[in-house]
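Hi,

Here is the structure I promised to pass on. Have a look at it first, and my notes on what turned up follow below.

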Amino acid sequence: MLEAIILTVITAATPLLLAAIGELVVERSGVLNLGVEGMMAMGAVSGFAASLTFGTPFAGIVAGALAGMAVSLVFAFVTQTLVANQVASGLALTLFGLGLAGLLGEGFVGTPGLKLPALFIPGLTDLPVVGRILFGQDILVYVSFALVLGVSWFLFRTRAGLVLRAVGDNHGSAHALGYSVVRVRYLAVLFGGACAGLGGAYLSLAYTPLWVETMTAGRGWIALALVVFSSWLPSRLVVGAYLFGAVTILQLHAQPLGLGVPAQFMSMLPYLATVIVLVLISGNRRTTRFNTPACLGTPFVPDR
Amino acid sequence: MRLELVKRPEVSRVMMVVSPVLAVGLTVLFAAVVFALQGKDPAAGVYHFFVEPLLSPWSIEQLIVKATPLVIIALGLSVCYLSNNWNIGAEGQLTVGAITGSILPVLLPEFVSPATLPLMILLGALGGALYAAVPALLKTRFGTNEILTSLMLVYVSGLFLDWLVRGPWRDPQGYNFPITIDFNEAAVPATFPIGPLYLNLSAFLALILVVVLAVTLGRTLKGFEIRVLGQSPRAGAFAGFSAERMTLFAFMVSGALAGVAGILTVASEIGKLQPAISPGYGFTAIIVAFLGRLNPIGILIAGLVIALSYLGGEAIQTTLQMSSKVATVVQGMLLFFVLACDTLILYRVRLVGRAPKEPARA
């Protein structure tokens with residue numbers, strides 16, 4: 001029972017973690033991309049379609065990431081090259097992505113998909129208790145953790161990461177030092193798109209291997225909230241994503257127990273939890289202010 | 001090759017008019033590409049999507065029916081966006097307004113009087129305003145990001161409506177369908193003949209609201225306060241305006257209008273409550289607000305343009321056997337183009353080639 005719950009928590013947390021780690025890098029570079037939901041939907045439908053077309057879920061992983069990048073490129077062009085309002089452009093990306101995904105996926109509704117296989121390492125996966133939890137996950141679960149470690153290392157241990165954070169904290173100075181603010185932000189947005197696409201692909205390849213239009217169900221927005229929750233630190237993102245995964249699963253497991261609470265109220269939990277967590281985090285202004293990228297959401301036009 | 005932006009010495013008045021037109025033009029062009037990619041004749045697609053719905057009185061009526069909630073919601077959102085408050089939960093406020101507005105016809109069906117509909121609209125406005133006050137208060141009290149909280153509340157309200165129509169408010173004679181009882185005739189807005197068209201009371205209400213908002217924003221101190229606080233909170237503070245009070249005001253105004261749109265949609269289009277009451281009006285109204293340049297008259301025009309995309313989506317479904325989802329894609333593209341073209345108002349865009357190498361001198 002406990003093992004089953006932990007396994008489902010992992011599958012619920014992974015798409016959130018994947019999408020959020022990408023958005024964390026985007027926001028660290030000073031860009032607020034509210035289009036995560038749209039990019040996830042595109043990743044989900046493209047991943048699903050590609051896995052069926054090529055007969056392997058691994059093609060779906062690649063396609064999901066590419067689709068996320070493709071639509072994020074539109075956002076990058078509009079907000080970085082044409083310096084449009086980032087909040088409105090992000091909303092446009094969400095509406096456009098959800099619409100396009102619905103259109104592309106229409107032929108796939110009701111088609112059974114391919115499930116991403118769980119790894120099996122002889123000896124390790126057979127271990128009692130921890131075997132399946134630690135060594136029997138599908139590849140994207142490990143990818144999500146590798147991304148968290150990689151992003152942590154990149155942001156705080158490499159020169160390029162320092163440049164990215166400088167661009168996010170003070171784009172004027174970074175520009176004066178000779179770094180291309182726009183190029184750094186383009187790359188960050190593309191990385192965020194790839195990650196959100198992966199998160200979406202996880203939904204249609206592992207979480208529920210099928211395509212339904214409402215499949216992202218606000219997860220892109222929850223991922224955005226998680227970035228605020230983490231106060232822009234990758235390690236805290238893991239805590240947040242697994243907490244939310246647990247809340248999602250809690251309501252699924254509580255329903256059959258018949259606590260007398262209507263199913264709709266249980267389904268509200270992840271959304272209400274997001275609001276409550278945001279309130280608690282923002283109540284503590286010191287930690288948030290300290291890590292918030294100072295240029296978050298402000299457009300930059302190089303003067304020459 | 002790359003694009004370079006050169007700041008204009010002053011805001012281009014020409015571009016303020018040209019930019020939305022250009023955005024619509026580009027959207028039509030790209031819609032044609034979408035039609036072609038789906039293996040349909042692009043010319044026929046554009047005709048059925050953008051032109052045909054304008055040709056019969058019946059479809060013009062439908063156009064106005066669809067535009068009405070969009071315009072009403074977008075008017076409220078413009079107050080929010082002008083004052084730099086990002087309410088994107090209008091869909092949730094619409095849902096709550098529809099629920100509170102339906103209290104009378106669902107729970108007191110025998111209350112049939114000329115006061116029924118006005119009371120319903122009032123209750124709808126109240127419900128929407130209170131629901132919108134939640135993210136506003138969280139923002140002013142705790143500094144919580146209003147974008148995320150207002151959006152999360154959309155999902156909560158949708159689930160609440162779902163519970164309501166499947167549970168306590170379900171019509172006992174409804175064969176277990178998740179619907180409430182039908183509204184009585186006093187709860188349904190009347191229609192009036194205008195020329196060849198029969199127009200709903202809601203449409204006139206929307207027009208009145210456009211005028212009220214235009215006067216408020218353009219001619220009153222409140223309108224000035226909204227714009228000053230949006231453009232420079234610091235300057236607003238010197239003028240004695242409170243950004244916190246403005247946040248609550250803007251959210252409650254837009255929530256009230258979304259709530260009114262919700263109850264009007266339910267009363268005039270559906271006549272009862274059911275799990276799905278809006279084809280995303282609350283989200284599409286965001287596009288309307290921006291396409292209309294956050295200006296009441298602009299929003300009226302933009303509402304009609306966007307409503308056309310809903311009808312166009314239905315038209316190509318029947319004539320070309322295409323998915324009505326094309327409409328959502330077109331709406332998303334339109335918002336992108338609007339935002340991109342707005343750059344032209346503040347900047348001149350130049351295409352620059354790679355800097356030419358200094359020619360070698362002999």
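B:Lys325 counts as buried, because its relative accessibility is 18% and the cut-off for buried is under 20%. Before going further, please keep in mind that this is a predicted model.

So what does that lysine do? B:Lys325 forms a salt bridge with A:Glu106, with 2.9 Å between the closest N and O atoms. That pair crosses between chains: B:Lys325 is in the loop between helix H13 (296-319) and helix H14 (326-346) of chain B, while A:Glu106 is in the loop between H4 and helix H5 (130-135) of chain A. B:Lys325 also forms a salt bridge with A:Glu213, where the closest N and O atoms are 3.5 Å apart. This pair crosses between chains too, and A:Glu213 is in the loop between helix H9 (181-207) and H10 of chain A.

Over all chains, the count comes to eight salt bridges. Another one of them is within chain B, where B:Lys139 pairs with B:Glu146 and the closest N and O atoms are 3.2 Å apart. Here the lysine, B:Lys139, is partly exposed at a relative accessible area of 22%, whereas B:Glu146 is buried at 8%.

Next, the backbone of chain A. Most residues other than glycine have a negative phi. A:Val83 is not a glycine, yet it has a positive phi of about 40°. You'll find A:Val83 in the loop between helix H3 (57-81) and helix H4 (86-105) of chain A, and A:Val83 is buried, with a relative accessible area of 13%. A:Trp232 is also not a glycine and has a positive phi, of about 60°. A:Trp232 is in the loop between helix H10 (219-229) and helix H11 (234-257) of chain A. With a relative accessible area of 4%, A:Trp232 is buried.

On to the packing. The largest nonpolar core has 202 residues, and the members that touch the most others are A:Trp221, A:Leu226, B:Ile73 and B:Tyr81. Domain 1 (8-38 + 305-350) and domain 2 (68-278) of chain B each give at least three residues to this core. The centres of those two domains of chain B, taken over C-alpha atoms, are 27 Å apart. If you want to zoom in on B:Ile73, leave aside residues up to four places away in sequence: the contacts are then B:Ala90, B:Leu94, B:Ala258, B:Ala261, B:Tyr281, B:Gly282 and B:Ala285.

Last, the surface. Which residues make the nonpolar surface patch of about 510 Å²? They are B:Ile103, B:Leu107, B:Leu108, B:Phe111, B:Leu119 and B:Leu122. Helix H5 (103-107) and helix H6 (116-142) of chain B are the elements that give two or more residues to the patch. One of the patch residues, B:Leu107, is in helix H5 of chain B.

Cheers

Technical notes:
Residues are numbered from 1 along each chain as its sequence is written. Chains are lettered from A and ligands numbered from 1 in the order in which they are written. This is a predicted model: local features need pLDDT of at least 70, side-chain atom pairs count only at pLDDT 80 or more; totals for chains, interfaces and linings use all residues. Side-chain values use heavy atoms; hydrogens and water are left out. A nonpolar core is a set of buried Ala, Val, Leu, Ile, Met, Phe, Trp, Tyr and Cys residues joined through side-chain atoms within 4.5 Å. Buried means under 20% relative accessible area, exposed over 50%, partly exposed in between (1.4 Å probe, protein chains only). Domain bounds come from an automatic or database domain assignment. Contact means heavy atoms within 4.5 Å. Patches are made of residues with over 30% relative accessible area and no salt bridge: like charges are joined within 9 Å, nonpolar side chains (Val, Leu, Ile, Met, Phe, Trp, Tyr) within 5 Å. Accessible areas come from the Shrake-Rupley method with a 1.4 Å probe; for residues, only the protein chains shown count as cover. A salt bridge is a side-chain nitrogen of Lys or Arg within 4 Å of a carboxyl oxygen of Asp or Glu. Helices (H or I, at least four residues) and strands (E, at least two) are DSSP runs, numbered from the N terminus.
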